[in-house]
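Please keep the sequence and the coordinates open while reading.

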Amino acid sequence: MLIISLLVSSSCQEKKQYRIGVSQCSQDDWRMKMNDEINREIMFHPEATVEIRSADDNNAKQIADISYFRDNGFDIIIAAPNEAEAITPIIKEVYESGIPVIVFDRNINGDTYTAFQGADNFRIGKSAAHYARHLIGEGGKVLEIYGLEGSTPAIERHDGFAEGAADEGLTLLASAHGNWDYDAAAQAADSLFNLYPDADMVYAHNDRMAIAASEVARKRGLNIKTIGIDAAPEIGIKAVADSVIDATFLYPTEGYRLIRTALAVLNGEPFERIVTLPVSSPVDITNADILLLQNESLKEETAKIKVLKGQVDDFWSRHSAQTTLFYASVAILILLVGVLFLLLRTFWQRQRHQRQLMEQNRLLEEQRDAQKALNEQLNAATQSKLVFFTNVSHDLRTPLTLIAEPVEQLVNATNLTPQQNVLMKIANKNVRILRRLINQILDFRKYENGKLDVSLSEVRFATLVMDWAESFHAIARKRDIRLSVGIDIADDFSLALDTEKIERVFFNLMSNAFKYTPDNGRITFATEIRGNELIFSVEDSGRGIAEEDLSNIFDRFYQVDKIHPNGSGIGLSLAKAFVELHGGTIAVESKLGSGSKFTVVIPVCHVADTAEPAAPKAIGRNEVDVELGEIELDSRYLDAEKPLLLVIDDNEDIRKMIGELLGDDYTVIFAANGKEGIHLAAKYVPDLIVCDVMMPVMDGLECCRRIKDEISTSHIPVLLLTACSMDEQRAQGYESGADAYVAKPFNTAVLKSRCKNLIENRRRIKNLWANSGTPLAPSPQENARPATIPAPAPTAGSDIENEFYARFLEIVSAEMGNPELNVDQLASKMGLGRSQFYRKIKALTNYTPVELLRNLRLKRSRELLATTQKTISEIAYEVGFSAPAYFTRCYKESFGETPSELRERLAAN
């Protein structure tokens, strides 16, 4: 295959094909001659192609032509601007975009081009003036027919002729614009002859205009000399040979030079940027015939070259085809040999492997039979588990009923303490949720077994919906949720429904909307009859559902949030089952961050029974308030004298229960997720944090890790609550910096004792830091000895706390002599807020920052008193006291003796 690839690639190699775009401003005979030269030259360069477009003296068309070349990937653009002012912007834009531009014949304003090629039009005009004097003599009168206004060749030809006429003693009577065109020039000449019938000569800027002027003069019977410029063979030179005009000046084309310059630019070869073509002698009656003959010869030679090129191209085409055929034949031969080898090899392998395949087939059949038997066993086991699960759910109903009734009575009791009342409300709420979950499981098993019946009766749906929705208005008002109910059904309209099942569908959709809609959100219920279908929908402004979850949310036990579930995953599945029992459908539309909309469609049908009043509600306002409402706590959590406890848990009931259990001993604040918990920990710097592991937004492990990594909160003990009992998961918690674990469900006594122990351990650490950093005042009899400001013991805390305290001591030591040093300055230098710094120092040392700073100054002064001969005043100022008297008073309060007494005692020893 490698050989074949090399052969094919070698036969297909081609040079880069350049594309050259030529924009001509018009289609006159001179430009046709140049186009012939360009096409003749390009025949000798097979690596390039050329496309020529004419603007027909129209600025807009030329701009479109140049834009066409740019937008279609041409490698270089050659342009003759129609008018400099109009065409300069597009030339500049193309040039600055990186495409080379060659300007020829007519120039632009500025030099934003790659190269320029053109004749010296000024010298041509001057040469025309000199030749005019030769024809009409000194003092002759000349009329000028001007080219297109704004065209640089016209401007330069006029300026050159005007200067030459002045030098030669000629009079330039007037000029008129002929716009390079025969008809316009004829009108201009006719007007000029009316005004100046005594003129001796007409000087035209090209041959077409000269011919027009000559013919107008002859019609008027005027004997006026006429000269033009261009000397194109078919127009100008022929007109001279036919004595239509007297002379024409050869305006060089040299199209071949344009192509060579363009290829030099594309190939990176040297080229001349500004090329000024030489001015030739005039063409008159003496040499016109010779030039025409030369032109005919050139045409014949060009035709021969084209024929030869066609033959060469045909030869190379056939040669390429033959070469390709040869390489293809070689490749096919090699492929045939390879195929033959592969066929033989396959035959040999088949003979060798046939027995192995038969043995494998036999093994696969045995495995299939074993898999089939295993699947049957698994199905039987699954059915047994489901039956067991259903039976357990049945068995749970009796003890749950025995629990529910006493709990409900205790909730309504009037002799409970506030704490007991809150705990009973929490128990009652979760008993109801458990009972509803068991009922859902049993109903779903009936549906799977085909034993769930539908009891249809004629009901007025509008009345039912108003009654059901009324149960949710109270909870909506409490949470500032805008609940709107739109019923587009007549009050007396009835249809056949199983009221109890549709009510449960309604409750499930509405309760989900309230669960996932934030406070001050929006929930909309709408219902209508469309055709022969009842349609009702529940729309909310909650967090929405991801697109990848939409197709699965009606599957049993499926939960969108698999890490932090907020339900059993059976509610929507059962709602779908109830709707399908009515022959209807349920669908969802949702987008993350934009809320969700659930739509139920049920076909309208009727039964023989007449419309009956709505049955008693299975789920009333009390049930809604219990399951969706918030349990209000009392206000004792604001006691500032107790240790501050931060509880981080996404379950509101868990937060409230812990608050009730620990509220007598702690001031409790709450956070619903790890991110909010970090914010509150940094703001309040609590004495203890109780944190759940599995939470949305940020889990407990990451929350604990960030708390321990933050200098302002690293000292706070963290107790993790988790349902995970595996050692690996507990190890992850301890690696994150957790101080203790309590497993769910937890025992109240264990939780209280763990919290108390963590607080006590932190107090012991405070005392250790305080004693190692700034000991209390010794007795006056204690021998003073040199000391430095000590660092805390390594066992006193983590590396972060050691680092923090060491940095604090370093700052205090450096600023010891500054009497203006205060808590605000210290907090700023430590990179903390004042309150965070205060609580951090207090938590680590059991001293306030002011007390700790004063003790460190006094300890330093005691060292200086014992080891130096400085005066007491000097020492007082050195350690940062502003007055020696105040220093002496503080020193005595701390050490039980004055500085003078210390020195006297040391001198006596």
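## Surroundings of Glu144

In this predicted model, Glu144 touches His158, Leu172, Ala174, Ser175, Ala176, Leu192, Tyr203 and His205, leaving out residues up to four places away in sequence. Glu144 itself belongs to strand β6, which covers residues 141-146.

Which side chain makes a polar contact with the side chain of Glu144? The partner is the side chain of His205, at 2.7 Å. Glu144 is buried and has no salt bridge. The nearest side chain of opposite charge belongs to Arg157, and the separation is 9.1 Å. A salt bridge requires a nitrogen and a carboxyl oxygen within 4 Å, so Arg157 at 9.1 Å does not qualify as a partner of Glu144.

## Cavities

Rolling a probe the size of a water molecule over the atoms shows where empty space is left. For this model the count comes to five cavities of 30 Å³ or more. The largest cavity has a volume of about 90 Å³.

The lining of the largest cavity consists of Asp28, Trp30, Arg31, Asp105, Arg106, Pro153, Arg157, Trp180, Asn206, Asp230 and Tyr251. Helices α2 (29-42) and α6 (152-168) each supply at least two residues of this lining. Arg157, one of the lining residues, is also the nearest side chain of opposite charge to Glu144.

## Salt bridges within helices

The whole structure contains 33 salt bridges. One of them joins Asp65 and Lys61, with the closest N and O atoms 3.8 Å apart. Asp65 and Lys61 are four residues apart in helix α3 (residues 59-71), and therefore about one helical turn separates them. Asp65 is buried, with a relative accessible area of 3%, whereas Lys61 is partly exposed at 34% relative accessibility. Both residues also belong to a network of salt bridges that links Glu51, Arg53, Lys61 and Asp65.

Another salt bridge is formed by Glu863 and Arg860, whose closest N and O atoms are 2.9 Å apart. These two residues are three apart in helix α26 (residues 849-867), so they are separated by about one helical turn. Here Glu863 counts as buried at 15% relative accessibility, and Arg860 counts as partly exposed at 28%.

Arg905 and Glu897 meet through their side chains in a salt bridge with an N to O distance of 2.6 Å.

## Ser590 in strand β18

Ser590 is part of strand β18, residues 585-590. A polar atom of its side chain lies 2.7 Å from the backbone nitrogen of Ile545. The side chain of Ser590 also makes a polar contact with the side chain of Ser596, at 2.8 Å.

With neighbours within four places in sequence left aside, Ser590 is in contact with Gly544, Ile545, Leu550, Gly595 and Ser596.

## Met698 in a loop

Where is Met698 found? Met698 is in the loop between β22 (688-692) and α20 (700-709). At 9% relative accessibility, Met698 counts as buried.

Not counting residues up to four places away in sequence, Met698 touches Asn673, Gly674, Lys675, Ile678, Cys703 and Arg706. The C-alpha atoms of Met698 and Gly677 are 9.4 Å apart, and 21 residues separate the two along the chain.

## The chain as a whole

The secondary structure of the chain comes to 29 helices and 24 strands. Of the 909 residues in the chain, 44% are buried. Among contacts between residues at least 6 apart in sequence, 71% join residues at least 24 apart.

Notes:
Residues are numbered from 1 along each chain as its sequence is written. This is a predicted model: local features need pLDDT of at least 70, side-chain atom pairs count only at pLDDT 80 or more; totals for chains, interfaces and linings use all residues. Side-chain values use heavy atoms; hydrogens and water are left out. Buried means under 20% relative accessible area, exposed over 50%, partly exposed in between (1.4 Å probe, protein chains only). Lys and Arg count as positive and Asp and Glu as negative; His and the chain ends are not counted. A polar contact is a pair of N or O atoms within 3.5 Å; within protein, one must be able to donate a hydrogen and the other to accept it, and residues adjacent in sequence count only if both atoms are side-chain atoms. Contact means heavy atoms within 4.5 Å. On a 1 Å grid over the protein atoms alone, a cavity is a set of points where a 1.4 Å probe fits but cannot get out, and a pocket is an open set with protein on both sides within 12 Å along at least five of seven lines; lining residues have an atom within 4 Å of a point. Grid points are joined across faces, edges and corners, and a volume is the space filled by probe spheres set on the points.
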